[in-house]
Amino acid sequence: MAEEKESTSIPLSQAENGGDDPEDPVKSPPTSSNSSTRQACCFFLQSWVSKKFMTGCVVLFPVAVTFFITWWFIQFVDGFFSPIYDRLGFDIFGLGFITSLVFVFLVGVFVSSWVGSTVFWIGEWFIKRMPFVRHLYTASKQISAAISPDQNTTAFKEVAIIRHPRIGEYAFGFITSTVILQRENEDEELCSVFVPTNHLYIGDIFLVNSKEVIRPNLSIREGIEIIVSGGMTMPQVISPLERVARQGDRIPLNRII
């Protein structure tokens, strides 16, 4: 009887735990599967949040840059005439900016006249006599002449693509003028192509046969945007003007109507 009582007696610690053995793999709870599921959910949530955050940065970055540059430009231009209005007692934001735009327009009208062009020529003559300022003025004038609506002899004529520096490689440039090279047999027409190497104001000049110059269907401003952006605004398909003209000639009459 004593042996039976000893065998049927249960310790108090085991009785409080319900008699379960924590080391029993059958009765222990499935903690490993729950932890792996929790880690997978955390990884998915972290990946989703980081991806959406980067998407927001990509969308807002050009907007922020455009807004910042525009706001800086407005404040910069507004600062020319706003001190005058402040002394007169007019504290209206944007009034100096509008006045600056009107002033630029009036300068363009004045320079387009004979008297204005003469005054401008005299001022340009003095600037070109200055040792250091004349180089900056000449470079900036070439850039402004390239995008000027009045296409004169100093502006870029056309966008050009030439084979340079090796076979199979091409360079992007602008046709500035044409030159006739006199030879013993026959004359050869060459195009002076300016290839920018440092944005738009520094580059190399190449004399290329006019028949070997590829003229794409791009305007001067599109070419300048491609150079300034480092090729990021380059269109996916570029067609020569000759091919575009031939395709235009082959369009049926019913499609044109």
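**Entry 1**

I looked up F110 and found it in helix α4, where helices (H or I, at least four residues) and strands (E, at least two) are DSSP runs numbered from the N terminus. The model is a predicted one, in which local features need pLDDT of at least 70 and side-chain atom pairs count only at pLDDT 80 or more, while totals for chains, interfaces and linings use all residues. Residues are numbered from 1 along each chain as its sequence is written, and side-chain values use heavy atoms, with hydrogens and water left out.

I noted F110 as partly exposed, because its relative accessible area is 39%; buried means under 20% relative accessible area, exposed over 50%, and partly exposed in between (1.4 Å probe, protein chains only). F110 also belongs to a nonpolar surface patch of about 870 Å², which is made by F103, V104, V107, F110, V111, W114, V115, V119 and F120. The elements that give two or more residues to this patch are α4 (95–112) and α5 (114–127), and α4 gives the most, with five residues. For the record, patches are made of residues with over 30% relative accessible area and no salt bridge, like charges being joined within 9 Å and nonpolar side chains (Val, Leu, Ile, Met, Phe, Trp, Tyr) within 5 Å. The accessible areas come from the Shrake-Rupley method with a 1.4 Å probe, and for residues only the protein chains shown count as cover.

I checked the span of α4, which has 18 residues and reaches 26 Å from its first C-alpha to its last, close to the 26 Å expected at 1.5 Å a residue; the expected span is 1.5 Å times one less than the number of residues. Which residues of α4 are buried? I found G96, F97, T99 and S100, and they lie on the same side of α4 because they cover an arc of only 155° around the axis, the arc being that of the directions from the helix axis to the C-beta atoms. On the other side of α4, F105 and S112 are exposed. As background, an α-helix has 3.6 residues a turn, so residues three or four places apart point the same way.

Turning to α5, I read 14 residues and a reach of 20 Å from first C-alpha to last, close to the 20 Å expected at 1.5 Å a residue. At the start of α5, a side-chain oxygen of S113 reaches to within 3.3 Å of the backbone nitrogen of G116.

**Entry 1: salt bridges**

How many salt bridges does the structure hold? I counted three, taking a salt bridge as a side-chain nitrogen of Lys or Arg within 4 Å of a carboxyl oxygen of Asp or Glu.

One of them joins E158 and R215, with the closest N and O atoms 3.2 Å apart. This pair links distant parts of the chain, since E158 is in strand β1 (residues 158–163) and R215 in the loop between β4 and α7, 57 residues apart. E158 is partly exposed, with a relative accessible area of 28%, whereas R215 is buried at 17%. The side chains of R215 and E158 are also joined by a polar contact of 3.2 Å, and the backbone oxygen of S210 lies 3.5 Å from a polar atom of the side chain of R215. A polar contact is a pair of N or O atoms within 3.5 Å; within protein, one must be able to donate a hydrogen and the other to accept it, and residues adjacent in sequence count only if both atoms are side-chain atoms.

I also looked up K128, which forms a salt bridge with E124 at 4.0 Å between the closest N and O atoms; K128 is partly exposed at 37% relative accessibility, and E124 is buried with a relative accessible area of 8%. The side chains of E188 and R183 meet in a salt bridge of 3.0 Å, N to O, in which E188 counts as buried at 17% relative accessibility and R183 as exposed at 54%.

**Entry 2: helix α7 and the whole chain**

In α7 I listed I220, G223, I224, I226 and I227 as the buried residues; they are on the same side of α7, because they cover an arc of only 160° around the axis. After α7 comes G230, whose phi is positive, near 70°.

Finally, I noted that the chain has nine helices and four strands, running α-α-α-α-α-α-β-β-β-β-α-α-α from the N terminus on, and that buried residues make up 19% of its 257 residues.
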